[in-house]
Amino acid sequence: MALSLREKIEDPRQGVYLIGTTPPKADTDEVAMRAIAEKLLGRLHEIEYDGVVVYDIQDESSRISTPRPFPFKHTIDPRDYGQLLRRLSRTDVITYKSVAQRNQDEFNQWLDSTANDHDLNNLVLVGSPSSQGDIKLSLNDAYTQIAAHHQDFFLGGVTIAERHANKRNEHERLLTKTAQGCQFFISQAVYDAQATIDLITSYARSCRQQGLSPQRIILTFTPCGGEKTLDFMQWLGISVPEATKWRMLDAENTLSESVRICRENLDLILRSCAHLDVPLGLNIESLTNRKQEIDASINLYRLLKATMELSLAERQIA
């Protein structure tokens with residue numbers, strides 16, 4: 001019998017391979033939403049993947065003063081899209097949820113509806129993008145509520161290696177979130193391999209010192225098709241080293257070069273962290289709806305999955 005996504009994530013011997021996507025725009029009707037879902041799954045039908053990550057897109061303009069390179073557009077409820085993708089693909093879904101907009105009662109109702117009406121149990125909670133604005137529920141309070149909820153949610157958290165590069169304490173956040181119920185983590189998109197290596201190393205050492213088993217860290221990668229996508233990546237807070245930036249933009253084909261860079265970065269992370277016994281996974285996304293970048297993300301998935309599968313096989317032989 002095939003393992004569920006939860007079982008794969010919990011088993012460090014297993015590889016975990018995900019596809020990240022965003023819900024359609026808010027004014028999309030059910031017929032159009034189904035067509036969009038079928039088009040996505042049609043692109044994915046030739047690859048083997050363990051699940052789909054459906055993001056909860058929020059307006060993050062309070063986090064940064066620089067204008068957003070692509071205009072923010074509200075989307076349909078990620079649960080509606082996730083439920084449809086799960087039904088059409090018969091594949092598990094992880095649903096992101098930004099918690100700041102609802103108070104405790106509203107969030108509890110959201111949890112009830114997610115489990116009972118949408119039949120979704122794999123969640124990643126996200127806090128407010130900044131301390132500015134009307135925050136009705138903190139991420140810590142949301143973790144407390146979900147821990148007390150009667151439903152057995154499989155809870156994940158977000159990890160950002162860039163924070164570790166700046167503050168050197170992201171590994172402590174992972175330990176705190178684990179104590180609050182997180183059983184896996186999904187990273188922000190990786191373009192700075194060393195920041196990710198430093199985070200995983202600090203996390204592994206802290207786990208070893210405290211006698212804890214590290215939770216799985218699922219690394220996100222995304223292709224970059226040009227300067228505007230690169231601007232968007234940096235606006236989102238993704239760290240792109242100066243040499244990497246110019247290597248992509250000065251290349252004859254920026255998109256192909258970005259795929260090569262992602263491949264090199266994953267290989268470096270795997271080689272540098274192989275001795276640390278932190279289970280890793282992959283999440284491949286496209287940050288835009290441009291066909292070339294979406295197609296490149298599928299090729300990137302194939303390449304990085306093969307890279308990680310080879311690493312897993314080598315470790316098992318050793």
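Q: Which residue of strand 3 does Gly-51 stand opposite?
A: In this predicted model, strand 2 and strand 3 (residues 92-98) pair up in the parallel sense. There are 4 bridges holding that pairing together. Look across from Gly-51 and the residue you land on in strand 3 is Asp-92.

Q: And on the strand 1 side, which residue stands opposite Val-53 of strand 2?
A: Strand 1 (residues 17-21) also runs parallel to strand 2, with 4 bridges between them. Within that pairing, Val-53 has its opposite number in Gly-20.

Q: Are the residues on the two faces of strand 2 buried or exposed?
A: Side chains in a regular strand alternate between the two faces of the sheet. Here, Gly-51 and Val-53 sit on one side of strand 2 (residues 51-54), with Val-52 and Val-54 on the other.

Q: What handedness does the β-α-β unit have?
A: Follow the chain from strand 1 through helix 2 (residues 30-44) to strand 2 and you've traced the unit. Its two strands are parallel. The crossover comes out right-handed.

Q: How are helix 7 and helix 8 oriented to each other?
A: The axes of helix 7 (residues 170-179) and helix 8 (residues 193-210) come within 8 Å, crossing at roughly 50°. The contact includes Leu-174 and Leu-175 from helix 7, plus Leu-199 and Tyr-203 from helix 8. Helix 7 passes helix 8 in a right-handed crossing. Given that angle, the two helices are therefore oblique.

Notes. Residues numbered from 1 in each chain as written. Predicted model: local features only at pLDDT ≥ 70, side-chain atom pairs only at ≥ 80, totals over all residues. Heavy atoms only, no water. Buried < 20%, exposed > 50% of the residue type's maximum accessible area, 1.4 Å probe, protein only. Pairing = 2+ DSSP bridges. Right-handed = clockwise from strand over helix to strand, strands pointing away. Axes fitted to C-alpha atoms, helices over the stretch in contact; angles between N-to-C directions. Parallel < 35°, antiparallel > 145°, perpendicular 65-115°, else oblique. Left-handed = near helix turned anticlockwise from the far one by under 90°. Contact = heavy atoms within 4.5 Å.
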